[in-house]
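Okay, everyone, thanks for coming. Let me put the model up and then talk you through a few spots.

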Amino acid sequence: MSSSDSCSHGRRDARPALPPTNDARAARPRVGSTRAALARRLCASAVLLGAMTAARGALADARTEARLHFRAGMELIAQKQYEEGIRQLQKANEILPHPNVVFNIARAHAEAGNIEQAIAAYREYLASDPPDREQVTRIVAQLDQRLAAQRAAAAPEPRPPAAPAPQQPGPQQPGSQQPAAGDAPAQPTAGQTAAGGAAAPGGAQGPGSAEGPAARPAPGAGAAPVDAAGIVGAARTEDVYRETVITASRGAQSPLDSPNSTTIVTRQDIRLSGMTRIPELLRRVAGMDVMQITGGDENVSMRGFNSRLANKLLVLVDGRTVKNDVLGSTFWEALSIDVDQIERIEVVRGPGSALYGADAFAGVVNIITIPPGAGKSGFRVGYGDHQQGYGSVWASAREGDFAYRLSAGYTRYPRWTREVADDRIDLETSGQSQDLGAQNVRIDLRASQRLGPRRELDVGAGYARSELDIYGIGPFNDYNLEVANADVAVAYRSEHVNARAYYANLDGYSLLNAAYLGHTLYAGRPRQHVANAELEFVKTLRAPASVVHDFHIGLGYRLKATDWSYLDDDMPIEHHSSVFLQDSMRLGERVTLVASGRLDYVPYLERLIPSPRGSVIVKPTDRQAIRLSGSTAFRSPTALEAYVDLPIQLALPGLELLSTTRPPVRSGFIIDPEQIITAEASYLNQQSDYFEFEVTAYYNRVSDLIVLAEPQRTTLSQRAQGVGGLNPETGRYTSGLGGFENQCDVYHVVGGELGGRVYPVEGLDVFANYALNLSQQQRPDGCDALEDRRTSQHKVNAGVQVRTPVGVDGEVTFHYQSSQAWAEQVPAGTVIATSIYPLPAYTLLNARLGYRFLDGRAEISATVFNALDGIADQPLQMHPFGNRIGRRFMGFFRYSL
């Protein structure tokens, strides 16, 4: 199950100048000795990391390890074993700091009577500026008073002036009595102690106490305990390190209670991977389809149906949609944030239209950033071969109720392969560097203002300017895009009402990377304006008393204004609206029913589309869950699909194909939304603190996929209606019609996912998952679509993470994807035809090694992507038309203030 299994008899110790030309690759030695040499190096590296872990006793997964110490500490404190309980809580806070842990440390000190230590810990808690700081400030004041009283009582009382010494009787006087040396007075005087130095009644202390080194009582011994309930209140026993998700149901909950299968890419996963591309972080998720086509073009889907300009997955940043409505895709390298600003990534594996509407067709990815005021300020820089570059700087602070986080950065990725040589004189190019895959300059500011208990106002803005080398659809390969993205957002959160509004603007310039002389580059300027508003009401109630309802109801509005020279000039401004409702009904401690539903009004379709979902969650124990769910979802046509109007130049000079959704011969034609009906069953086990695993099975029925229509030659009757013939705007002859349509096929998909994570020893994490996807293409009578097998039947992900107390840490990940066959349209003389293009299976091996120093404030690290390049039988390719993916090395330096 781990990547180290490739080393036979090896040890198991273990939240990207240009690539060579094809000829150079062919000249590389691909012999068994080379492959074996690399395998030996990889095994040696894994064994070395494992040896360091075993020899020095490393730290485990931060969240899991901190959770173990937290639980142990709270149990010991409940048993009045304060000293050891506090030590366990302190260990948890060292691994993963959390204000509530500091609060519990302070409270335990107070209960044990360690007033000074309690005050110090409470003041540390107050330094995090918590919402309850006024209450805790009062606690500190009371403890200060108590400490002052104890010190006053412990102070020695002033001694009266010494009386004149009585005249000693002479030795001859009878009855004279002189104390023997070493005798103590029979009764201790004020300020003195009884034998042993114990305090006399009344709190007075003797010489070994008030005046000596033992002036203060030892912690937990001899000090009066504090009335915890009366002064410091109840302990915070909630598991602060418990894994929670918010995306599946719009409220914080355990994955065990989620109505959908959910995966979390943790902060530790992000750091230890060394990846700077968000899609590559998602590759480790079971069932995720990740495809790199160029150095700046990644396409991501879930459980199949990936494509160029992928549009089946809804991508959010802190709940805000970041897809472009022109194409329906996500430009991952054009976001205003980078991986250093991400707290975690939540992935809902399965349709999510019941809460999020259109485009949550296959799943939802919610990128959750580090909150304003959290974390430290710092920077990270990186440089790699082929002029890779990465830079990120951020500042985060809190002052009272106000907090902010400001970040800026720069990223540069080269092309994997160069498409146009410098000496080509038969081509016209776009002007973008032939060495550039993606380049991004960005800035992002997010701030929050507390308005009272459980009420907060968030504001933010982001801007990114990017140059991308992407692949379009149909005959549009190797496409250049310069795009500027900007957003402004405001959100209000309270106990019962949540509201969000944001505005997003996209302004770009697009054209082909290269074209033969005499052919057009299809220059265009895509622009869009999106205004979005959401209002949600949340209420928890009992009806009847034995049933707890978590009730959500919400309204949504979205305005879309799109303009592009590839689209119909008459494209209207669209006003979308929606309403959703969800009720999570907890029936006792073990059963929860979740009923969700949403209605979306789509202006292009001029109708409402319902998206229901139902789930039953049964928990045999607190840390096991069996889930059964069923739902529907849809994807509405994008601006390009619904309003395309573009003459496409054919290979034969003087001819063109008119790609239009609404030609005069079928002016009333409407594209239906894509539809999916899904049923899912899963079992999640988190019973152990040392491992967890999940098994999922699903069935999907997919229909009405939106695809490029097979081009049709124009006829004489159509030309009589004004369709075809000479186009006076281009000077070319329109010989055919194309556009988009709903595919006639229906897909029946049966699949499953098996995944788990193991923490066998402190400092070693092993994760692995397997995904199976079996698709059957059902063709109704009269449907002659080609069989498309673009989804791999088998996918395997596995990885090993290591952290050590000496500061060395790292990760090795392995990915396998079985073969595919893509149906793609390409120019063929006077037409554009669809053909099947096979894609062989591939493996991908990535690794990172880092070293932290200066008390963890500084870190150096190095990463390798596609370490097996040159060893595999053939170069790695993720799409039949895509670049050949080579090996990349990159080094980083990070520093936190």
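This is a predicted model: local features need pLDDT of at least 70, side-chain atom pairs count only at pLDDT 80 or more; totals for chains, interfaces and linings use all residues.

Numbering runs from 1 along each chain as its sequence is written, and side-chain values use heavy atoms, with hydrogens and water left out.

So, we've got 14 helices and 42 strands; those are DSSP runs, H or I of at least four residues for helices and E of at least two for strands, numbered from the N terminus. Of the 897 residues, 53% are buried, meaning under 20% relative accessible area with a 1.4 Å probe, protein chains only; exposed is over 50%, and partly exposed is in between.

What gives the most to the lining of the second largest pocket? That's strand 36, with four residues. Lining residues have an atom within 4 Å of a grid point; the grid is 1 Å, and a pocket is an open set with protein on both sides within 12 Å along at least five of seven lines. There are 49 of them, with Val707, Gln743, Asp788, Arg790 and Ala823 nearest the centre.

Next, helix 4, residues 82-95: the buried ones include Tyr82, Ile86, Leu89 and Asn93. Remember, an α-helix has 3.6 residues a turn, so residues three or four places apart point the same way.

Last one: Leu555 sits in strand 18, and it's exposed, at 52% relative accessible area. Its C-alpha is 5.7 Å from that of Glu534, 21 residues away along the chain.

Definitions and conventions
On a 1 Å grid over the protein atoms alone, a cavity is a set of points where a 1.4 Å probe fits but cannot get out, and a pocket is an open set with protein on both sides within 12 Å along at least five of seven lines; lining residues have an atom within 4 Å of a point.
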